[in-house]
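Try each task before reading its solution.

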Amino acid sequence: MIFITVNTVSELLCLLAAIVFLNKEKTTAWRLFIPFLLLTCIVEVAGIYIREFVHTSNYALYNVYVLFECGFTSYFFFYLYKAYHYKPIWLFTWLGLFAVMYIIDLLHHNFGQFVSTTASVMSVVFVLASLYFYYLKLKDEHFEPLIFSAPFWWVSGTLFFYFGSTACNNFLDYLSEYERITFSRSIRYIIYNILDIVMYIFWSYAFICRYRQRKSSPSLG
Amino acid sequence: MQISSKEVISLIGLTSIIFLIAPLFLILYVLSYNRRKKKHQEETVMMQQNFENELLKTQMEVQEQTLKTVAYDLHDNIGQLLSLTTITLSSININDNQNTAEKIALVEALTLRSIKEVKALSRLLHGEEIVSRGLKAAIEFELEWLKRLDRFKVNFEHNNVFFTGDNAKETILFRLFQEIINNIIQHAKATEILIRLEVIEDNFRLTIRDNGVGFDVDEILKRKAGMGLHNIVKRSIMINGSASIISIPLNGATITINVPYK
């Protein structure tokens, strides 16, 4: 029962939505959601297991996971920007910067803590990427019904999560200290639960939109 | 002042709520802007359709005007020439050699004039081709026919007006010119018409002035009879231009149309 939390359930439901709606997808960027969400679920369960049964901190696991999170999210943003003729150099520049920051962060804490600074910077970059996507959509003279636009809802979910978690990220060190004993009732836990629910609802809806889009235009796969 | 842990936690909670509300409003804004974009796009399509309809109507009117001129010319000009030819031929007395020779020469001259008139008519029948040669050429061609009426002293002034290649715009402008000239012929009782076609900065300026009886512009625009004037104003606006109508009763009228050619 300890493994059934708001986070694990919302992640699992989103994974199921991805399997149902994206299993016949031809576009790699969309297909990658299935392994990425599967990895997220595994990491979440493993995190709980380490925390509850091994009685040790699970930051190392999340330090590895953040690499996949950044890699996949950045790649997906790049996939969205590609339609506006953005070159891969932007993606590689950002990933290079992230790698440098990540290593410095790890070395700074002697591999003994979660890379919170890197995660905060990553959140800010993803928030900016989401806002820039909105800007491109507003600027685009071609009309697209956004209510049924899969990229729009994916970006909205991502914006909610990374923007909403900014306050928590900034006070992470303080909160970690304060919440050491009562994590399950902490403000950070509640906020992350809300953010997870919102993001995974938006993402699941994005998968449905993508499925509808694919059905109406078979060329998409 | 020391801030308690509870206060900090509340502050973080509050900040997070604000950080959650902000994207919500942002999403609502993007969606509402997108709806406006859709509406704007629909309006643009509708305007384009209206423009195309109006252009089609204009082209038909130009053709109609051409056919009217053809009918008039067939009846009053070529018809008369042919009647005169017939009368001359029927009056020939083959016993009177000298008279016959004179009459045959007259018939030949009449026939040649008729052929010339028919050729000119045939050129006029290609009304759309006239516009495709440029506005100046089209106006000059139309004025040739107006001069034949011998009712008006016509002056056409222009300053090296070039052909823009925007056929739709020039067709509409040419139709406006035809409409104004028609109004002068039918209602103005004028004896002189001045037409000036100029390029001023990035605009075509077409000025048509007559010395006729004039009219009360506001009165005419209010009445349904002012449909012609309404059309002139409406069509000028449609090609991103403007029309100014100035007239004083008994003192002629001046209509100026400004249209950007870019």
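**Annotated spans**

UniProt, in an unreviewed entry, places the feature "transmembrane region" at residues 6–22, 29–50, 62–81, 88–108, 114–134, 146–167 and 187–208 of chain A. The model used here is predicted.

**Exercise 1.** Find the helix content and the end-to-end C-alpha distance for residues 29–50 and for residues 114–134 of chain A.

*Solution.* 
- Step 1. Residues 29–50 of chain A are 95% helix and 0% strand. Their end C-alpha atoms are 31 Å apart.
- Step 2. Residues 114–134 of chain A are 90% helix and 0% strand. Here the end C-alpha atoms lie 31 Å apart.

**Exercise 2.** Classify the ring pair A:Tyr86 and A:Tyr132: stacked, tilted or edge-to-face?

*Solution.* 
- Step 1. Over all chains, the structure holds 40 aromatic pairs.
- Step 2. In this pair the ring centres are 6.0 Å apart, and pairing requires centres within 6.5 Å.
- Step 3. The planes stand at 90°, and over 60 degrees counts as edge-to-face, so the pair is edge-to-face.
- Step 4. A:Tyr86 sits in the loop between α4 (59–82) and α5 (88–108) of chain A, and A:Tyr132 in helix α6 (residues 116–139) of chain A.
- Step 5. Check accessibility. A:Tyr86, at 24%, is partly exposed. A:Tyr132, at 30%, is partly exposed too.

**Exercise 3.** Classify the ring pair A:Tyr200 and A:Trp203. Are these residues buried or exposed?

*Solution.* 
- Step 1. The centres are 5.9 Å apart and the planes at 85°, so this pair is edge-to-face.
- Step 2. Both residues lie in helix α10 (residues 187–216) of chain A, three residues apart, so about one helical turn separates them.
- Step 3. Buried means under 20% relative accessible area. A:Tyr200 has 6% relative accessibility, so it is buried. A:Trp203 has 4%, so it is buried.

Notes:
Residues numbered from 1 in each chain as written. Chains lettered and ligands numbered in written order. Predicted model: local features only at pLDDT ≥ 70, side-chain atom pairs only at ≥ 80, totals over all residues. Heavy atoms only, no water. UniProt positions renumbered as here; feature names shortened; annotations may be inferred. Helix = DSSP H or I, 4+ residues; strand = E, 2+ residues; numbered from the N terminus. Phe/Tyr/Trp six-rings, centres within 6.5 Å; stacked < 30°, edge-to-face > 60°. Buried < 20%, exposed > 50% of the residue type's maximum accessible area, 1.4 Å probe, protein only.
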